[in-house]
Amino acid sequence: VQGAPALVKSLLGMTLTRLFTDLLDTAQIGPSYTRWRLGNQEPSVLLTSEEEHAEWLETLSHEALLLRWVNYHVLQFKIVASEVLESSGTSRSQEEAHISRDAARLRDRCKYVRSLQRLVNIHEDFKDGVALATLFASIATSNCQGGQSPAALWVLDECDTDARAVKLCGALRSLLPTHPARCMLKPTDITKGNVAVLAPMLAALFLHNPGLPGSRRDGCDYAGVNHDGADGLDAKGVTWHVEQPTMNHIISVMEHTANECAYNSIQDFTPLLSDGDLLPDLVSLDAGELVLRWLNYKLDGDRVSFGDLTTRGTRVVAEMLKKVANDVEPGHSSNNLIAWASRCCSFPILTREALQEGQPDMILAFLASLFLCRPQMEAVDSALSKHVDLIEATVMEFTGEREDGSQEASSLFSRQCSRLLERRDKFDQALDGVRAARDVHSALQRKVSTFLVDLLAHRARGLPYSMTGHDEEMRLQVLPRERLRAIIEVELQQHCDEAVCQDILSLKDLLRKHIPVFNQIVEHYKCVPAE
């Protein structure tokens, strides 16, 4: 069939494009993934005059770049707002009909947008929330089939500035890509124009959804092939591409500005393991013990127990915030721990009373929430880090060859497919390791989330949580692992080793679950006088 080779190559190219995208996403390699996704974005739309050129953007500060980016989205939405107002005006003059309440509301929203002046200062121009509401609406509806819609400007229906900021915070959090970014933003940051928080928040939004037009030809995939089957080659017969050094520079500036809010990175919890334990063993660990292990690993000093939180709680919280949240408004200090801590959790947990009275359950609840939002257990010099490095190096090597453009597209594509096939075993091993680490992280998050709810529920019922029984439970040697294995293997001779390990874990969980009952029985009969 005529054109079949080009069609096959196009399908393979799209497959390879999707493969590399999924690899970077699965391994949570934020910087490389962002450059891969945004490589076709056109930064020249941020220019404000004909005398400027794209390279000139590299001389601007992060605030200037953010302002130009927000102004671009405001300008795009102004066009939509003007069209809505003009169409409603025509309808009103021709039909002279009663305008519905919804139509009037849409017009009011569009009037807010059309009245916006050019933004020149983040501190002053974002306080009323109109610019940020427009940015939210533009990004939220950019990928919708109908395009940008005034319906997404619902935040502007609130006239009170403080109430609008509350709604706007909720709306922006739905777009922010990372836990630190969502936790850091507060309504007062908008009403007061807090640049120290707004700039990282805007930079994180830019990195994940800039909403800029593409510069490459539509449909051109990894193999340099258009999706209609036509070769995507230039006159010299090499892969068609466009160098984007300016876009890479802008991405680097935004990454530096967003800091810890930029990306969710893959977490490696192997440093929390005890001798002889495997990574899945963490999932069967008591949630309180897990949080304390994490706490002691991050502090890397004298061991802190649950009881120590009563007397050392304030110092422990201050040290942990310095370790994992030093990027959150550097102006915060140990003298203002409550405000500092509130920007590191999904909702306020830590109170002044908890620190002053030494409430260990509430301090542990805060630490659990901190674990959920900012674990900061990035893979460094470990088996997991080697898996991530292999994935990143391979993708970057292949895309680098493609962008180089010095080799003929078809032969380069064929050679790279062959090399991928040769590396399949290593790739499968790396992917299995990455997926296992992510599965463990998800399981730990669910476990700690449930534990956090239990802590707060105990406090709400007036029965503060205590780990005393749990400490005894952890110290108690239920049965040696070898003896458990021997007993279960006798009963389950047909089971494989994996099944036996799973049964051992299940049995240990059941024994731990009923240890409090055994303790109560012992305490009861200990008090019964002998006959």
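This report describes salt bridges in a predicted model.

## Salt bridges in the model

Side chains of opposite charge can pair when their charged atoms come close. The predicted structure holds 11 salt bridges. Among them are the pairs discussed below, which involve R105, R109 and D157, as well as R312 and D308.

The side chain of R105 forms a salt bridge with that of D157, with an N to O distance of 3.9 Å. This pair joins distant parts of the chain: R105 belongs to helix α4 (residues 101-114), while D157 lies in the loop between α6 (130-140) and α7 (161-173), 52 residues apart.

D157 also meets the side chain of R109 in a salt bridge, at 2.6 Å from N to O. Here too distant parts of the chain are linked, since R109 is in helix α4 and D157 is in the loop between α6 and α7, 48 residues apart. Together, R105, R109 and D157 are linked in a network of salt bridges.

## Burial within the network

R109 counts as buried because its relative accessibility is 9%, and the cut-off for this class is under 20%. R105 has a relative accessibility of 29% and therefore counts as partly exposed. D157, at 34%, is likewise partly exposed.

## A pair within helix α13

The side chains of R312 and D308 form a salt bridge with an N to O distance of 3.8 Å. Both residues are in helix α13 (residues 308-324); because they are four residues apart, about one helical turn separates them. D308 has a relative accessibility of 22%, so D308 counts as partly exposed.

How values were computed. Residues numbered from 1 in each chain as written. Predicted model: local features only at pLDDT ≥ 70, side-chain atom pairs only at ≥ 80, totals over all residues. Heavy atoms only, no water. Salt bridge = Lys/Arg side-chain N within 4 Å of Asp/Glu carboxyl O. Helix = DSSP H or I, 4+ residues; strand = E, 2+ residues; numbered from the N terminus. Buried < 20%, exposed > 50% of the residue type's maximum accessible area, 1.4 Å probe, protein only.
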